[in-house]
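Okay, everyone, thanks for coming. I'd like to walk you through some helix packing today, so let me put the structure up.

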Amino acid sequence: METLNNEAPIRNLASSDELRSSKQVYDNVHGYINLDPLALKFLDTEQFQRLRELKQLGLANMVFPGAVHTRFEHSLGVYWLAGEAVQKLKNYQGLELGIDPTDIQTVKLAGLLHDIGHGPFSHLFEREFLPRVSNGVSKWSHEEMSVKMVDHIVDEHNIDIEPDMIKRVKDMILASSEIAVTKGSREKRFLYDIVANGRNGIDVDKFDYIVRDCRACGLGCNFQFQRLLESMRVLGDEICYRSKEYLTIHKLFYTRADLYRTVYTHSKAKAIELMIVDALVKANGYLQISAQIHDPSEYWKLDDSIIKTIETALIPELKESRDLILRIRRRNLYQYCNEYAVPKDMLEHFKDVTAKDIVCSQRSGPVTIKEEDVAVSNVRIDLTRGKDNPLESINFFKVLKLYSPTLDYESNYKFPIPDDRVSHLLPASYQDMIVRVYSKTPELVGAISEAFENFQLKTYGVKTQVHETPEKKKQRRR
């Protein structure tokens with residue numbers, strides 16, 4: 001039966017005993033959230049409270065001052081949305097799907113704990129720092145550490161929980177990762193698509209961080225996750241959506257891509273990230289930061305405060321790292337030289353540009369640049385599926401009208417919707433690759449900008465950058 005989307009949110013149902021022993025917190029995105037007794041056993045641990053010390057957007061607050069929200073409140077938001085999603089499915093299809101209270105509890109707990117193993121400074125830690133200190137061969141992921149951390153919390157705090165439930169929680173956390181459990185071996189597979197959806201990318205993790213990040217950064221957000229929560233149904237063990245919500249899903253992916261371009265990969269924020277990575281790499285030999293990533297009992301002590309540790313430790317071995325952090329404090333940042341978008345026909349065979357590529361493109365002149373003078377950021381922006389359209393992986397259903405104008409029913413037939421059946425204004429490409437180059441010292445901006453232009457001419461036959469580097473920037477002196 002189709003319902004109008006003007007009702008109050010359906011809250012997760014619980015017994016009176018459970019409500020008496022639960023707690024309620026107020027979230028500035030979702031309102032009041034009830035935390036059940038089992039969730040509180042995980043939440044009230046030092047390992048979970050560590051998430052208060054991890055900013056959701058890493059260093060973006062250096063450009064967007066309001067972006068100081070943390071993984072803690074995001075995890076509460078995903079917990080709430082996961083419960084809302086599975087409860088709505090139960091309300092609509094509970095008997096046919098066999099959703100029981102244990103299923104609801106499991107999905108909620110997976111939402112609460114999905115980021116428990118996240119590293120400092122958002123994704124910088126695993127994507128940029130660890131590859132640098134492991135010669136580019138790091139296979140570590142925060143999802144795998146989340147699973148290890150869940151086991152550690154259960155053992156450390158003697159949490160009474162069924163082994164099967166904790167196994168399912170961990171499988172749900174890993175559902176969108178490269179080491180996800182074989183899809184066909186899961187009972188009620190649709191439950192594993194709620195928190196981290198490896199099937200098509202629509203999950204409550206994105207619902208929360210898209211709305212939360214837009215709000216924190218002062219950006220508008222046209223995406224309404226409530227419409228998807230109301231319209232989703234399970235057909236053939238897969239969560240499908242009403243065909244009329246095609247453009248709502250389109251907004252989900254494009255709002256996310258816009259956040260990547262506008263906030264997550266902002267050129268100034270990336271400059272600061274590059275400096276933090278350099279500082280961490282230089283400090284790693286003394287602090288052994290990377291040695292903590294395999295043992296949950298040590299890893300939970302690692303958070304964003306590592307920068308303050310470096311900054312205030314008057315130890316000679318940390319001087320270079322301290323100097324870099326001091327430069328950030330005084331806004332003496334790596335200088336943005338220029339950027340270009342990789343031509344669409346070159347994306348498939350693109351290899352990351354390195355500082356060596358830029359240095360090898362310089363011409364003889366009064367100034368010679370070295371690799372240690374140059375920082376390169378290769379920025380990938382897509383719709384969660386690389387060069388592919390994620391909407392091709394999503395199935396829809398239609399609401400069919402009966403003869404009575406007050407009745408309708410939903411078909412059991414699911415189908416994909418090609419872009420050209422919706423609009424010819426939708427894009428034909430689903431991936432961007434942007435190469436940015438920075439100078440680590442202001443006086444080399446001119447020389448590095450020229451070498452960067454030479455690299456483009458050598459690689460593509462034309463300068464693909466849109467704007468010239470301003471002359472006043474090239475002539476700037478410290």
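Predicted model: local features only at pLDDT ≥ 70, side-chain atom pairs only at ≥ 80, totals over all residues.

Let's start with α9 and α11, which lie oblique to each other. The angle between them is about 45 degrees, and their axes are 11 Å apart. If you look at the handedness, α9 and α11 make a left-handed crossing. On the α9 side, the residues in contact are Lys206, Phe207, Tyr209, Ile210, Asp213, Cys214 and Cys217, and α11 brings Leu252, Thr255, Arg256, Leu259, Val263 and Tyr264. Sorted by class, that contact between α9 and α11 has nine nonpolar residues, one polar and three charged. Keep in mind the general point that residues three or four places apart on an α-helix point the same way, because there are 3.6 residues a turn.

For the overall picture, the protein chain has 18 helices and 10 strands. Of its 478 residues, 54% are buried. And if you take the contacts in the chain with a separation of 6 or more, 73% of them are between residues 24 or more positions apart.

Okay, next pair: α4, residues 71-97, and α5, residues 101-113. How are these two arranged relative to each other? They're roughly antiparallel, because the angle is about 155 degrees and anything over 145 counts as that. Their axes are 7 Å apart, and α4 passes α5 in a right-handed crossing. From α4 you get Ser75, Leu76, Val78, Tyr79, Ala82, Gly83, Val86, Gln87 and Lys90 in the contact, and from α5 there's Ile104, Val107, Lys108, Gly111 and Leu112. That contact of α4 with α5 comes out as eight nonpolar, four polar and two charged residues.

Is α5 enclosed or exposed? Largely enclosed by the rest of the structure, because 11 of its 13 residues are buried. The buried ones run from Asp103, Ile104, Gln105, Thr106 and Val107 through Lys108, Leu109, Ala110, Gly111, Leu112 and Leu113.

What makes the contact? On α12 it's Ile272, Met275, Ile276, Asp278, Ala279, Lys282 and Ala283, and on α15 it's Glu320, Ser321, Leu324, Ile325, Arg327 and Ile328. By class, the contact of α12 with α15 has eight nonpolar residues, one polar and four charged.

Last stop, away from the helix pairs: glutamate 348. You'll find that residue in the loop between β5 and α16. Is glutamate 348 buried or exposed? It's exposed, with a relative accessible area of 63%. One more thing on glutamate 348: its C-alpha is 8.3 Å from that of lysine 387, although the two are 39 residues apart along the chain.

That's my tour, so over to you for questions.

Definitions and conventions
Residues numbered from 1 in each chain as written. Heavy atoms only, no water. Axes fitted to C-alpha atoms, helices over the stretch in contact; angles between N-to-C directions. Helix = DSSP H or I, 4+ residues; strand = E, 2+ residues; numbered from the N terminus. Parallel < 35°, antiparallel > 145°, perpendicular 65-115°, else oblique. Left-handed = near helix turned anticlockwise from the far one by under 90°. Contact = heavy atoms within 4.5 Å. Nonpolar A, V, L, I, M, F, W, Y, C, P; charged D, E, K, R; others polar. Buried < 20%, exposed > 50% of the residue type's maximum accessible area, 1.4 Å probe, protein only.
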